[in-house]
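Me: Hi! Could you take me through this one, starting with how the helices pack?
Reply: Happy to; here it is.

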Amino acid sequence: MTAPCRPATRSYPIAAAVALCALASAPATDCTAGTRQLATGGASTIEGSAGGGMVPWAVIAGYGSREEIGGSAFATRTDTGDYRMDVQGFALGFHNRVEFSFARQQLDLVKLGPALGLPGAHLDQDVIGLKVKLAGDVLYTPYPQIAFGVQYKRQREFLIPSVVGAKDDSGVDLYLSATKVFLAGAGGFNAFVNGTLRSTEANETGLLGFGGPDGSRHLEFEGSIGALFTRRFAVGMEYRTKSGNLEGLPEDDWKDIFVAWFPNRHFTVVLAYVDLGTVATLEDQTGWYVSVEGGL
Amino acid sequence: MHPTTRTVSHPVLSGRRITCSLATSVLSLALAACVPGNARQDDSLYQALGGPTGVDQLVEKLLDRCYADERIAFLFKNADRRDLHRLISEQFCAESGGPCTYTGRSMTEAHSGLQIGHAEFEAFVEDFTDAMEDVKLPYRTQNRMLKVFAPMQPEVVDQ
């Protein structure tokens, strides 16, 4: 199995991941993929960390095992009609222990922009992530893989969040994740379960800044559950509690159901149906999420 | 690493667990293996593998893949393939609830000195899964086999 590494899409972060390939210290010198089993790198979340679609997991991005360096790059679009969010980013996994990630988010205020007299307005945020595996292995230990992560989030254009009352244009999320694959755990199919506890000051994950009149740091719970129905297809659902700090802009929990396709280690596609509830006064924000990812 | 100087006997999943301490996830199978004469044991996995013929074909495909896999082939260089085939078949049969006794060394002993890393172990697991696809085992049977053998990872790597 020596499939050559190649870019999966033309998104620029993927070029970065492919460049990384040249640096990878894999024992094979011909730029092969990492050797971890298919799908064990999870997918790319909208915040860049490896996980589901919106919940970070304890897995390290890409397919590098202890002796290797892996990574992934992705482009994601979420569209509820009233909002549209595009994210591009990448993650590097070092020796299946440490993950560094970057995501650039742009949320287009498709409906609110014109309503506020700001057609074309968007919210912009960068997320830099660091995750360290503390213990366990999703496949090989009886207990879950556990990781601690940090996400440094920074607004690139703070005007709108500041107008609605956000205190800071940057913030730090801290999270603890536990992820476990139960081989043959669901009627013979492989099941996976993830739980994440997050401490955050963010309003709408940071897209509306950090802190505000209603407080600052708070604790959130995020969970994912699902199963692989073939070696290359996974289905699952996610839930992410949210509570912001902005007056008059209460937040709803986010949920989604997803299908992920892992044809090989170099390419992943995730499709999801998301329910974001009320987002910045607009109710019933449901829509589609698609993520295209290249991995090593 | 100096693969050619490694002493290889049977470097893959080919050992019997002496104790049951690590076998919580496969308790019933492990008990069956550790308690001689345990009257009824679940042999449904063994049957799903196709009995002796199925196990034989699976091991043949597995070794085909391992010997052809440049990531791990060097681990098998000095191994006697017939010997390996017999021992792995015995182990697959015994661990899946079949009427066999594994006569090889323990997993840690069998891999002692090989210094198998995580990457090599992962490559083997991939070959194993591919071999199960080669012999057209249903996906759920593949998963049951992985469930039996995945917990042995710590006994194989870094020995």
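Reply: One term before we start: contact means heavy atoms within 4.5 Å. Helices (H or I, at least four residues) and strands (E, at least two) are DSSP runs, numbered from the N terminus. This is a predicted model, where local features need pLDDT of at least 70, side-chain atom pairs count only at pLDDT 80 or more, and totals for chains, interfaces and linings use all residues; side-chain values use heavy atoms, without hydrogens and water. Residues are numbered from 1 along each chain as its sequence is written, while chains are lettered from A and ligands numbered from 1 in the order in which they are written.

Me: Great. Which residues of α3(B) and α6(B) meet?
Reply: From α3(B) there are B:Leu58, B:Lys61, B:Leu62, B:Arg65 and B:Cys66, and they meet B:Phe124, B:Asp127, B:Phe128, B:Asp130, B:Ala131, B:Met132 and B:Asp134 of α6(B). Sorted by type, the residues of this contact are seven nonpolar, no polar and five charged. Here Ala, Val, Leu, Ile, Met, Phe, Trp, Tyr, Cys and Pro count as nonpolar, Asp, Glu, Lys and Arg as charged, and the others, Gly among them, as polar.

Me: And at what angle do the axes of α3(B) and α6(B) cross?
Reply: Roughly 135°, with the axes of α3(B) and α6 (residues 118–134) of chain B coming within 8 Å. Axes are lines fitted to C-alpha atoms, for helices over the stretch in contact, and angles run from 0 to 180 degrees between N-to-C directions. That makes α3(B) oblique to α6(B), since under 35 degrees is roughly parallel, over 145 roughly antiparallel, 65 to 115 roughly perpendicular and the rest oblique.

Me: What about α3(B) with α4(B)?
Reply: The axes of α3 (residues 51–68) and α4 (residues 81–95) of chain B come within 9 Å and cross at roughly 130°. That makes α3(B) oblique to α4(B). The residues making this contact include B:Val55, B:Leu62 and B:Tyr67 of α3(B) and B:Leu84, B:Ile88 and B:Phe92 of α4(B). They divide into nine nonpolar, two polar and four charged.

Me: How do α4(B) and α7(B) lie?
Reply: The axes of α4(B) and α7 (residues 139–149) of chain B cross at roughly 100° and come within 11 Å. The two helices are therefore roughly perpendicular to each other. B:Gln91, B:Phe92 and B:Glu95 of α4(B) contact B:Met145, B:Val148 and B:Phe149 of α7(B).

Me: New topic: how much area is buried between chain B and chain A?
Reply: About 2,200 Å², with carbon and sulfur atoms giving 53% (buried area is the accessible area, 1.4 Å probe, that two parts lose on being put together, summed over both). In chain B, B:Glu122, B:Glu126 and B:Tyr139 lose the most area to chain A, together 28% of what that side buries.

Me: How many salt bridges are there across that interface?
Reply: Five are found between chain B and chain A, taking a salt bridge as a side-chain nitrogen of Lys or Arg within 4 Å of a carboxyl oxygen of Asp or Glu. A:Arg231 forms a salt bridge with B:Glu133, with the closest N and O atoms 3.2 Å apart.

Me: And how many over all chains?
Reply: The count comes to 32. A:Arg156 and A:Asp126 form a salt bridge at 2.7 Å, N to O. A:Arg156 lies in the loop between β7 (145–155) and α3 (159–163) of chain A and A:Asp126 in strand β6 (residues 122–135) of chain A, so the pair ties together parts that are 30 residues apart in sequence.
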